[in-house]
Amino acid sequence: MGSLPVPSVQALVEATGGDDVPPRYLRPDAAEEAVTGDGDGEAQIPIIDHRRLLLELDHGGEESARLHRACQDWGFFQ
């Protein structure tokens, strides 16, 4: 059994003359704030100092905790 063909969002909007986006494709403003984080429009990607981890300079465990939070909350870091 295959998937049912579903029109793209662009096709749905074009069918209404470009004036109406179906509500199921709109996100509330609160969702945008959750993505951007600090409210200025840019998210702060976690930065991890690998040198501190590799050279065992992380005696208080602060960098390890930052790495843990980055992986848990973001799934990536730089």
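Visitor: What relative accessibility does Arg51 have?
Guide: Arg51 has 48%, so Arg51 counts as partly exposed. Partly exposed means between the two cut-offs: buried is under 20% relative accessible area and exposed is over 50%, with a 1.4 Å probe and protein chains only.

Visitor: Before we go on, what sort of model is this?
Guide: This is a predicted model: local features need pLDDT of at least 70, side-chain atom pairs count only at pLDDT 80 or more, and totals for chains, interfaces and linings use all residues. Residues are numbered from 1 along each chain as its sequence is written, and side-chain values use heavy atoms, leaving out hydrogens and water.

Visitor: Back to Arg51. Which residue does Arg51 form a salt bridge with?
Guide: Asp49; the closest N and O atoms are 3.4 Å apart. A salt bridge here is a side-chain nitrogen of Lys or Arg within 4 Å of a carboxyl oxygen of Asp or Glu. Asp49 is partly exposed, at 26% relative accessible area.

Visitor: How many salt bridges by that rule?
Guide: Four.

Visitor: Which residues are linked in a network?
Guide: Arg52, Asp58, Glu63 and Arg66, through salt bridges. The Asp58 and Arg52 side chains meet at 3.7 Å, N to O. For Glu63 and Arg52 the N to O distance is 3.1 Å. That last pair links distant parts of the chain: Glu63 is in helix 4, Arg52 in helix 3 (residues 50-54), and they are 11 residues apart.

Visitor: Is Glu63 buried or exposed?
Guide: Glu63 has 2% relative accessibility, so it counts as buried. Asp58 is buried too, at 12%. Arg52 is partly exposed, at 25%.

Visitor: What does Glu63 touch?
Guide: Ile47, Ile48, Asp49, Arg52, Leu53 and Asp58, not counting residues up to four places away in sequence. Touching, or contact, means heavy atoms within 4.5 Å.

Visitor: Change of topic. What is the fold made of?
Guide: Four helices and zero strands. From the N terminus the order is α-α-α-α. Helices are DSSP runs of H or I, at least four residues; strands are runs of E, at least two; both are numbered from the N terminus.

Visitor: What span should helix 4 have?
Guide: Its 13 residues should span 18 Å at 1.5 Å a residue, and its end C-alpha atoms are 17 Å apart, which agrees. The expected span is 1.5 Å times one less than the number of residues.

Visitor: What follows helix 4?
Guide: Gly75, with a positive phi near 85°.

Visitor: And Leu67, where does that lie?
Guide: In helix 4. Leu67 is partly exposed, at 25% relative accessible area. Leu67 touches Ile48, Leu53 and Phe77, leaving aside residues up to four places away in sequence.

Visitor: What share of the chain is buried?
Guide: 10% of the 78 residues. Of contacts between residues at least 6 apart in sequence, 33% join residues at least 24 apart.

Visitor: How much accessible surface is there?
Guide: About 6,600 Å², with 55% belonging to carbon and sulfur atoms. Accessible areas use the Shrake-Rupley method with a 1.4 Å probe; for residues, only the protein chains shown count as cover.

Visitor: Last one. Where does Tyr25 lie?
Guide: In the loop between helix 1 (9-15) and helix 2 (29-36). At 35% relative accessibility, Tyr25 counts as partly exposed.
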